[in-house]
Amino acid sequence: MANNKHERLADRFADIFIRLNSNERLSIKGLSEEYGVCTKTIRRDLARMECYLPLLRERGVIYLDNHRKFDLTDKEFGEFIQLIGIHHLMPNFDISLSRELLKQKSDGLLHIKGYEYENSTTLHDAIKLLKHAIKHQQIVIFEYKNSIRTVMSYKLINHRGCWYVIGLQSNKGKEIKTYRLSKITHLTLGGQRFDIDDDIKQQIDASDGIWFGEHLTPVIIQADNYASGYFIQKQILPHQKIVQSLDDGGLLIQSSVYQQAQIFPMIRSWIPHLTIIEPKDWQDELNNQLKTYLNNPPTI
């Protein structure tokens, strides 16, 4: 649990820094609601960051002072990189690379990319209502994918920049369901209350993503020579483990997932460089999906 708490703190620091470094003006109250912590916690986070960053405050809004430079010693830079949790991006924790990554000038040689956030402004009311429902264990009702859902909400999660609510659907037993907030419409409180299932709560709290199920399915994937280098350098697949290097430069990679939808989009994005070896019927299912798509081109 301590590690999960530390990871959430590091993720929050990294998110806040990257948004500040993108010239966003951040509301303390808004950050509190987004990350599900009190405003006192956000102020404490910002106070720690303010030891290293030129921050300006204005009526509950905080932003970077672009007229001041990051004038830190190597020791201070090291402390700051550790604080915001991106030290793992630095080969051998190279301070010179750290400095380059934190440059705000457009002529900087290095940039961190890949942090993308959906516009959460339109989700403010939904987040507020769901937080109330979770806190008071109240059932919520909403429309999702053209169907009315009655849901016992357990947790709000921001995963890779997108907001989700995790819980149990009334007619699905103990199957944990995930709903993306931007696709929810007509959200209301149902009036009824529900009792927290401790086992379900523990499963949700222990997860490092938004996927849930009763059993993990082991998947063996073959990567060709072109793709192998990427998978050696980075954890791309869930629970990724390289099990064999092949004579042609390719790899056999093991992953573990709860359902096909957790891994199929990633496999499709790497076509033709990845092939599912086991379970064999998963590759057949993926091929059928692709054939259906190719045989039914969209009409314009």
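Me: In this predicted model, which element has the lowest mean pLDDT and which the highest?

Reply: Helix α5 (residues 95-101) has the lowest, at 47. Strand β4 (residues 138-144) has the highest, at 96. For the protein, the mean pLDDT is 79, and 76% of its residues reach 70 or more.

Me: Where is the pLDDT below 50?

Reply: Over residues 86-115. Where pLDDT is low, the predicted coordinates should not be read in detail. This stretch does have 46 contacts in the model beyond near neighbours in sequence.

Me: How do I read the nonpolar cores? Which residues have the most contacts inside the largest one?

Reply: Start with the general idea. In soluble globular proteins, nonpolar side chains tend to be buried together. Here the largest nonpolar core has 18 residues. Ile 221, Phe 231, Ile 263, Leu 274 and Ile 276 have the most contacts inside it. The elements giving two or more residues include β9 (217-223), α8 (225-233) and α10 (280-295). A second, separate core has 16 residues, among them Leu 123, Tyr 144, Trp 163 and Leu 187.

Me: What is Ile 263 in contact with, leaving aside its neighbours within four places in sequence?

Reply: Val 219, Ile 221, Leu 237, Ser 255, Val 257 and Trp 282.

Me: What surrounds Gly 167 beyond four places in sequence?

Reply: Gly 167 contacts Met 152, Ser 153 and Tyr 154, and also Glu 175, Ile 176 and Lys 177. Lys 155 is 12 residues away in sequence, with a C-alpha to C-alpha distance of 6.9 Å from Gly 167.

Definitions and conventions:
Residues numbered from 1 in each chain as written. Predicted model: local features only at pLDDT ≥ 70, side-chain atom pairs only at ≥ 80, totals over all residues. Heavy atoms only, no water. Contact = heavy atoms within 4.5 Å. Core = buried A, V, L, I, M, F, W, Y, C linked by side-chain atoms within 4.5 Å. Buried < 20%, exposed > 50% of the residue type's maximum accessible area, 1.4 Å probe, protein only. Helix = DSSP H or I, 4+ residues; strand = E, 2+ residues; numbered from the N terminus. pLDDT = per-residue confidence, 0-100.
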